[in-house]
Amino acid sequence: IQLLSKNDSLGLAIKDMTTRLKEITALSTTIASGNYDVNIVIKNSEDKLGLALVEMVKYLETITNIAESIAVGDLDVKYKAKGEDDRLGRAILQMIKYLKAILKQANAISREDFSSSIESKSSNDELGLAIVKMTDMLRDSSVKNKNEIYFNEGVSEFSDKIAGIND
């Protein structure tokens with residue numbers, strides 16, 4: 001942009017806006033690549049674009065920290081969705097809830113409690129389907145084992161009575 005004179009206020013304003021848009025574009029490109037480690041300079045309290053970018057980066061860092069915690073097995077993360085439009089935040093909360101249900105079921109299985117089961121989310125829910133199948137198989141195996149033990153104890157008791165062995 002070529003200024004008409006030193007006092008070309010419209011030209012100066014356009015030049016400043018163009019420079020700012022280039023800065024914001026560079027920042028946005030960095031953010032879009034997944035790098036939130038950016039330095040956003042707020043020009044003044046009227047810099048709505050700069051303020052919005054700062055809030056966006058804070059949000060992305062928060063969600064990333066939560067996802068990183070989940071990735072290492074920490075499900076005790078706290079987050080409150082920003083509202084109905086917070087699709088990513090709501091999806092993260094649903095994921096945490098589902099993983100906690102899976103964990104609860106796995107803990108029940110480890111205690112040989114097969115009385116409950118989880119609902120798989122869809123036909124694509126490989127983890128949920130596997131947990132349901134595992135619970136059913138272990139429940140059936142447990143019943144079979146108990147029946148076999150009962151039968152074997154009965155046969156042993158019967159054999160003892162036939163042989164004349166008294167308790």
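**Helices, contacts and loops**

Me: How does α3 pass α4, in a left-handed or a right-handed crossing?
Reply: Helices here are DSSP runs of H or I with at least four residues, numbered from the N terminus. A crossing is left-handed if the near helix is turned anticlockwise from the far one by less than a right angle, and right-handed if clockwise. By that rule, the crossing in which α3 passes α4 is left-handed.

Me: Thanks! And which pLDDT do local features need in this predicted model?
Reply: Residues are numbered from 1 along each chain as its sequence is written, and side-chain values use heavy atoms, with hydrogens and water left out. This is a predicted model in which totals for chains, interfaces and linings use all residues, side-chain atom pairs count only at pLDDT 80 or more, and local features need pLDDT of at least 70.

Me: Are α3 and α4 roughly parallel, or at some other orientation to each other?
Reply: Helix α3 (residues 87-110) and helix α4 (residues 126-163) have axes that come within 11 Å and cross at roughly 20°. Angles under 35 degrees count as roughly parallel, over 145 as roughly antiparallel, 65 to 115 as roughly perpendicular and the rest as oblique. The pair is therefore roughly parallel.

Me: Which residues of α4 make that contact with α3?
Reply: Contact means heavy atoms within 4.5 Å. The α3 side is made by Y98, I102, Q105 and I109, and the α4 side by L127, G128, I131, M134, T135 and L138.

Me: How many charged residues does the contact of α3 with α4 have?
Reply: Ala, Val, Leu, Ile, Met, Phe, Trp, Tyr, Cys and Pro count as nonpolar, Asp, Glu, Lys and Arg as charged, and the others, Gly among them, as polar. On that scheme the contact has seven nonpolar and three polar residues, while its number of charged residues is none.

Me: How many nonpolar residues does the contact of α2 with α3 have?
Reply: The two helices again pack at an angle of about 15°. From α2 come Y59, I63, I66 and I70, and from α3 come L88, G89, I92, I96 and L99. Sorted by class, the contact has no charged residues, one polar residue and, for nonpolar residues, eight.

Me: Which helices do the buried residues of α3 pack against?
Reply: Buried means under 20% relative accessible area, exposed over 50%, and partly exposed in between (1.4 Å probe, protein chains only). In α3 the buried residues are G89, I92, I96, Y98, I102, Q105, A108 and I109. They pack against α2 and α4.

Me: What relative accessibility does Q105 have?
Reply: Q105 lies in helix α3. Beyond its neighbours within four places in sequence, Q105 is in contact with S116, S117, I118, I131 and T135. Q105 counts as buried, because its relative accessibility is 4%.

Me: How far are the end C-alpha atoms of α3 apart?
Reply: The expected span is 1.5 Å times one less than the number of residues. For the 24 residues of α3 that should be 34 Å, which agrees with end C-alpha atoms apart by 34 Å.

Me: Is E112 buried or exposed?
Reply: E112 sits in the loop between α3 and α4. Although it is not a glycine, E112 has a positive phi of about 60°. With a relative accessible area of 62%, E112 is exposed.

Me: Finally, which residues of α1 are in the contact with α2?
Reply: The axes of helix α1 (residues 9-32) and α2 come within 11 Å and cross at roughly 10°, and the two are therefore roughly parallel. The α2 side of the contact has L49, G50, L53, M56, V57 and L60, and the α1 side has R20, L21, I24, S28 and I31.

Technical notes
Axes are lines fitted to C-alpha atoms, for helices over the stretch in contact, and angles run from 0 to 180 degrees between N-to-C directions.
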